[in-house]
Amino acid sequence: MICYDYINEYVRQTIKSNDGILSELENFARKYHVPIIEPEVAKLLLVLGRLAKPKRILEVGTAIGYSSILLSSVLEPGGIIDTIERYELMIEKAKENIKKAGLESTIHVIGGEAFEVLRCLDKKYDMVFLDAAKGQYGEFLPECLRMLNPGGLLVSDNVLYKGMVASDKLVVRRKKTIVRRMRDYLHQICNHELLETSILPVGDGVAISYRK
Ligand code: SAH
Ligand code: MG
C-alpha cells in the first residue's frame, strides 16, 4: 500500500487469511518473490467481481495463477477466465496450480507476449484485469476496450507504481519512461468517453474503469 503505514496495517489486519491453495500460493509467492496481488487488492477484486457478475474474464499477467484462481470464485456458472503470460516458467507453474485447484476447464492460460495475444484475440469479456507490463497499458487499452462488453469492468493494477506516478520526487531514473507512460494511460482512462474511472491508492494503486 502507498498511504500511511498505520492505515495500511489496520486495513491489512481486517482481512481474514486464506486457506487451501490460495494460502499455498501466497507462501510460494513470498518465498520466490512473485509479485501477486496484495490482500487488499484481492478483496477489492472479489467485491468488484461480485458486483460485475462476470461470465468471462480476461487477465493480462498470470504469474503463478493466484489472481485467476481467486477470480474464478466470482464467475457466473459456466464462466471462464482467459489469462495471458509470456514467461514459460510461470506458464508451467500456473497450469500446475490451476490443475491442482481443479480449474483446468475454467481458466485458460494463453502463452505469449500480451500485446500480440490481445491483438489476435477476438472474444468478448465482462471484466478485464491488467496486471503486467506497466509500460504497455496504453497499448493494451484499445484491444481491451474492443473486447470489453458495455457494462463491463476494466481493472488496472500497479497504476501508482510505488507512488512514483504521483510524485516526481520518488521517480528513479530507470523508471522514468514507465512512469510517464503510466501517467499517459491514467490520463486516457480518466478522459475516455466510454469509461468512468476511479483511481484508488490501494495496494500499488488500482484503477477501476466502468465501460459505459
Ligand atoms: N496477476 C498475477 C500477478 C502477475 S505478475 C497475480 O496477482 O497472481 C505479472 C506477470 O506478467 C509476470 O508473471 C510477468 O511474466 C508477466 N508479464 C509481464 N509483461 C508481460 C507481457 N508483455 N506479456 C505477457 N506477460 C507479461
Ligand atoms: Mg500487480
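**Pocket lining and magnesium site**

Reader: Which element gives the most to the lining of the largest pocket?
Author: That is α2, with three residues. This is a predicted model, in which local features need pLDDT of at least 70 and side-chain atom pairs 80 or more, while totals for chains, interfaces and linings use all residues; side-chain values use heavy atoms, without hydrogens and water. Residues are numbered from 1 along each chain as written, and chains are lettered from A and ligands numbered from 1 in written order.

Reader: Which elements each supply at least two residues there?
Author: They are α2 (20-32), α4 (66-71) and β2 (80-85) (DSSP runs numbered from the N terminus, helices H or I of at least four residues, strands E of at least two).

Reader: And the second largest pocket, which element has the largest share of its lining?
Author: There α3 leads, with four residues.

Reader: Changing topic, what coordinates the magnesium ion (ligand 2)?
Author: D131 (OD), D157 (OD) and N158 (OD1) do so, at 2.1 to 2.2 Å (donors are N, O and S atoms within 2.8 Å of the metal, 3.2 Å for Na, K and Ca; water is not included, so sites may look incomplete). The donor residues follow the spacing D-x25-D-N in sequence.

Reader: Where do D131 and D157 lie?
Author: D131 is in the loop between β4 (125-130) and α7 (137-147), and D157 is in strand β5 (residues 148-157), so the pair ties together parts 26 residues apart in sequence.

Reader: Are those two buried or exposed?
Author: Both D131 and D157 are buried (under 20% relative accessible area; exposed is over 50%, partly exposed in between, with a 1.4 Å probe and protein chains only).
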